[in-house]
Amino acid sequence: MKKKQMLSDEVKTFIITRLAGFESPSEVVEAVRQEFGLTVSRTVVSGYDPDTKIGQRLSARWKDLFRDARKRFQEDTDDIP
């Protein structure tokens, strides 16, 4: 049986903000590998998206971060012609 991988708050924040920016779980998996040298599965990454069934279990802290990052992303892209 595999031991559950514990991710630091820095990695969780990275994953959540990338997902909030509409990156796919596969893109985020690759970004985490490049940025932190960690291998995470798409399922683990998907668990940090509160819009997915598995992500509904996230704490309010992470859901709020996702919503704030999504809002900032949408507002910033509205300025692009």
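Predicted model: local features only at pLDDT ≥ 70, side-chain atom pairs only at ≥ 80, totals over all residues.
## Basis

Residue numbers start at 1 along each chain as its sequence is written, and side-chain values use heavy atoms, with hydrogens and water left out. Local features need pLDDT of at least 70, side-chain atom pairs count only at pLDDT 80 or more, and totals for chains, interfaces and linings use all residues.

## Overall fold

The chain has four helices and zero strands. Its order from the N terminus is α-α-α-α. Helices here are DSSP runs (H or I, at least four residues), and strands are E runs of at least two.

The chain holds 81 residues, and 32% of them count as buried (under 20% relative accessible area, 1.4 Å probe, protein chains only).

## Nonpolar core

The largest nonpolar core has 18 residues. Such a core joins buried Ala, Val, Leu, Ile, Met, Phe, Trp, Tyr and Cys residues through side-chain atoms within 4.5 Å. Ile15, Leu19, Val32, Val45 and Tyr48 touch the most other members. Two or more residues each come from α1 (9-20), α2 (25-36) and α4 (60-77). The largest share, six residues, is from α1.

Leaving aside residues up to four places away in sequence, Ile15 touches Leu7, Val28, Val32, Val45 and Tyr48. Contact means heavy atoms within 4.5 Å.

## The α1 and α2 pair

In α1, Glu10, Val11, Phe14, Ile15, Arg18 and Leu19 take part. They meet Pro25, Val28, Ala31, Val32, Glu35 and Phe36 of α2. By class, this contact has nine nonpolar, no polar and three charged residues (Ala, Val, Leu, Ile, Met, Phe, Trp, Tyr, Cys and Pro are nonpolar; Asp, Glu, Lys and Arg are charged; the others, Gly among them, are polar).

Conventions
Buried < 20%, exposed > 50% of the residue type's maximum accessible area, 1.4 Å probe, protein only.
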